[in-house]
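Dear colleague,

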Amino acid sequence: MVTVALSDGELRQRAWKAAADVVDPEIPVLTIADLGVLRDVTVSDGHVEVSITPTYSGCPAMNMIALEIELALEREGIADPKIRTVLSPAWTTDWMSDDGRRKLRDYGIAPPQAGGGRRALFGEQRVTCPQCGSTDTEVLSEFGSTSCKALWRCKSCREPFDYFKCH
């Protein structure tokens with residue numbers, strides 16, 4: 001329980017910060033705020049509700065993310081938070097932060113380009129190798145180490161790498 005009386009605005013800010021720091025269980029260098037999965041935090045009569053949107057329908061990480069948000073909020077003294085999954089509008093890689101894209105690249109995963117979803121649909125996708133920076137790359141498999149990634153290979157440095165798929 002919150003021991004100090006906070007205004008709804010202060011409680012919302014505290015809850016947002018706690019939820020925003022939750023990491024993605026499949027890509028632990030990213031927070032759910034980096035990914036754009038954290039959509040909103042509302043406070044009504046002292047009760048906190050956090051809205052999250054999965055990166056794709058059926059994402060197996062969402063249950064773990066919801067649990068981690070609850071635990072993070074409870075550690076902040078916020079009792080009985082409600083976690084709501086919002087499916088519409090559907091998540092898009094355009095919601096990822098620039099810092100999140102940088103973190104992916106530094107981790108060795110090629111980040112999606114902002115606004116890249118349409119290019120991917122029409123086969124005009126150019127993915128930059130996170131190892132050497134070359135755009136001379138090719139897809140090996142549409143399915144990578146997790147459902148939200150594809151396996152690519154750089155033709156320049158010959159290294160395989162994951163690419164975070166555009167949605």
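Strands, like helices, are taken here as DSSP runs numbered from the N terminus, a helix (H or I) having at least four residues and a strand (E) at least two. Two strands are said to pair if DSSP finds at least two bridges between them. The model is a predicted one, in which local features need pLDDT of at least 70 and side-chain atom pairs count only at pLDDT 80 or more, while totals for chains, interfaces and linings use all residues. Residues are numbered from 1 along each chain as its sequence is written, and side-chain values use heavy atoms, with hydrogens and water left out.

The sheet

Four strands form an open sheet of mixed pairing, in the order β4-β7-β6-β5. The edges are taken by β4 (109–110) and β5 (137–141), each of which has a single partner strand, so one side of each is left without a neighbour in the sheet. Strands β6 and β7 run antiparallel and are joined by five bridges. Five residues lie between the strands in the hairpin of β6 and β7, where R158 takes a positive phi near 70°. The pairing of β4 with β7 is parallel and extends over two bridges; in it, A110 has Y163 of β7 as its bridge partner.

For burial, the cut-offs on relative accessible area are under 20% for buried and over 50% for exposed, with partly exposed in between (1.4 Å probe, protein chains only). Four of the five residues of β7 are buried, so this strand is largely enclosed by the rest of the structure.

Aromatic pairs

A pair of aromatic rings is described by the distance of the centres and the angle of the planes. Rings of Phe, Tyr and Trp (its six-membered ring) pair if their centres lie within 6.5 Å; planes under 30 degrees apart count as stacked, over 60 as edge-to-face and the rest as tilted. The structure holds two such pairs. In one, the ring centres of W91 and F164 are 6.0 Å apart and the planes stand at 65°, so the pair is edge-to-face. W91 belongs to the loop between β3 (82–85) and α4 (98–107), whereas F164 is in strand β7 (residues 160–164), so the contact ties together parts that are 73 residues apart in sequence. Both W91 and F164 are buried, F164 with a relative accessible area of 1%. The C-alpha atoms of F164 and M96 are separated by 11 Å, although these residues are 68 apart along the chain.

In the other pair, W152 and Y163 have ring centres 5.7 Å apart and planes at 65°, so this pair is edge-to-face as well. W152 lies in strand β6 (residues 149–154) and Y163 in β7, so the pair ties together parts that are eleven residues apart in sequence. W152 is buried at a relative accessible area of 7%, and Y163 is buried at 4%.

Salt bridges

Side chains of opposite charge can pair when their charged atoms come close. With a salt bridge taken as a side-chain nitrogen of Lys or Arg within 4 Å of a carboxyl oxygen of Asp or Glu, a search of the whole structure finds eleven. Among them is the bridge of D162 with K149, whose closest N and O atoms are 3.7 Å apart. This pair links strand β7, which holds D162, to strand β6, which holds K149, 13 residues apart. D162 is buried, with a relative accessible area of 15%, and K149 is buried at 4%. Salt bridges that share partners also join D34, D99, R102, K103 and D106 into one network.

Another of the salt bridges connects E49 and R84, with the closest N and O atoms 3.0 Å apart. The pair links distant parts of the chain, E49 being in strand β2 (residues 47–52) and R84 in strand β3, 35 residues apart. R84 is partly exposed, at a relative accessible area of 39%. D21 forms a salt bridge with K17, where the closest N and O atoms are 2.6 Å apart; D21 is partly exposed at 44% relative accessibility.

With kind regards
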